[in-house]
Amino acid sequence: MAEQVLPQALYLSNMRKAVKIRERTPEDIFKPTNGIIHHFKTMHRCTLEMFRTCQFCPQFREIIHKALIDRNIQASLESQKKLNWCREVRKLVALKTNGDGNCLMHATSQYMWGVQDTDLVLRKALFSTLKETDTRNFKFRWQLESLKSQEFVETGLCYDTRNWNDEWDTLIKMASTDTPVARGGLQYNSLEEIHIFVLCNILRRPIIVISGEMAKFGIRFQFCPFESGWNLPASPLIPHCSRL
């Protein structure tokens with residue numbers, strides 16, 4: 001009975017607050033006209049802190065965890081010692097997110113504000129930054145990282161300026177919300193590592209990617225297309241950054 005009453009997503013536990021957050025988020029984005037990239041003014045400092053569930057009885061705690069946490073991913077990351085391996089720091093949980101191709105934005109939005117990016121505020125901010133601001137530093141960094149990647153080396157290709165520009169234009173289009181048919185049958189195109197790097201500059205705070213493998217039907221697969229690692233704001237055109 002309790003499972004039917006409890007909300008099946010974190011934002012559903014307080015719809016009034018969720019609506020206020022969604023109304024305020026797009027208003028907090030600052031779009032300078034002097035070359036500085038688009039960024040948040042104040043809301044990038046927020047971080048969601050889950051309530052303590054140890055105060056509840058085991059049966060009720062189990063129902064809450066089942067409703068809010070992706071326990072398959074949680075168990076996989078913990079078994080690989082990639083999450084919560086250090087008992088001296090606060091425990092992290094893997095919240096459920098929509099698997100519609102915009103999961104990176106959903107996860108980031110939930111971590112900061114407790115709501116998913118259903119209004120595409122973060123995705124639109126990413127796309128407008130790539131389209132409307134000076135992204136030469138981002139593009140140069142992406143080219144350097146691409147040249148060092150094993151996948152690119154194995155192709156044996158030698159790109160000229162036109163090839164690099166075409167690839168960069170494709171990356172920009174991938175961030176768009178206007179994707180009638182995304183890859184893999186998803187509603188939106190999945191994003192890549194350079195998009196994470198640009199996003200952390202928009203947010204003016206680090207983004208930590210924790211990647212791992214899962215086994216399903218006896219087959220092991222990578223549930224995150226990126227390598228684990230830190231993404232730190234590095235653009236010289238952004239003001240003061242926030243810590244985690």
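**Confidence**

I began with pLDDT, since this is a predicted model. The protein chain averages 83. I noted that 84% of the residues score at least 70.

Next I went through the elements. Helix H6, residues 121–132, has the highest mean pLDDT, at 95. Strand E5, residues 219–222, has the lowest, at 46. I then looked at the stretch 215–221, where the pLDDT is below 50. Beyond near neighbours in sequence, that stretch has eight contacts in the model. I keep a caution here: where pLDDT is low, the predicted coordinates should not be read in detail.

**Overall build**

How many helices and strands does the protein chain have? I found ten helices and six strands.

I looked up burial next. The protein chain has 244 residues, and 39% of them are buried.

Then I turned to contacts between residues at least 6 apart in sequence. Of these, 60% join residues at least 24 apart.

**Cysteines**

How many disulfides does the structure hold? I found zero. For reference, a disulfide is a covalent bond between the sulfur atoms of two cysteines.

Cys46 has a relative accessibility of 34%, so I logged Cys46 as partly exposed. Cys103 comes out at 38%, so Cys103 also went down as partly exposed. The reasoning rests on the cut-offs: partly exposed lies between under 20% for buried and over 50% for exposed.

**A nonpolar patch**

Which residues make the nonpolar surface patch of about 230 Å²? I listed Leu12, Met15 and Val19.

I followed up on Val19. Val19 sits in helix H2, which covers residues 15–27.

**Leu77**

Is Leu77 buried or exposed? I placed Leu77 first: helix H4, residues 71–79. The relative accessibility of Leu77 is 6%, and therefore Leu77 counts as buried.

I also took one distance. Leu77 and Ala94 are 17 residues apart in sequence. From C-alpha to C-alpha, Leu77 and Ala94 are 9.2 Å apart in space.

**Recap**

I leave this page with a few points to hold on to. The chain has ten helices and six strands. The structure has zero disulfides. For residues 215–221, I keep the pLDDT below 50 in mind.

Key
Residues are numbered from 1 along each chain as its sequence is written. This is a predicted model: local features need pLDDT of at least 70, side-chain atom pairs count only at pLDDT 80 or more; totals for chains, interfaces and linings use all residues. Side-chain values use heavy atoms; hydrogens and water are left out. A disulfide is a pair of cysteine sulfur atoms within 2.5 Å. Buried means under 20% relative accessible area, exposed over 50%, partly exposed in between (1.4 Å probe, protein chains only). Helices (H or I, at least four residues) and strands (E, at least two) are DSSP runs, numbered from the N terminus. Contact means heavy atoms within 4.5 Å. pLDDT is the predictor's confidence in each residue, from 0 to 100. Patches are made of residues with over 30% relative accessible area and no salt bridge: like charges are joined within 9 Å, nonpolar side chains (Val, Leu, Ile, Met, Phe, Trp, Tyr) within 5 Å. Accessible areas come from the Shrake-Rupley method with a 1.4 Å probe; for residues, only the protein chains shown count as cover. A salt bridge is a side-chain nitrogen of Lys or Arg within 4 Å of a carboxyl oxygen of Asp or Glu.
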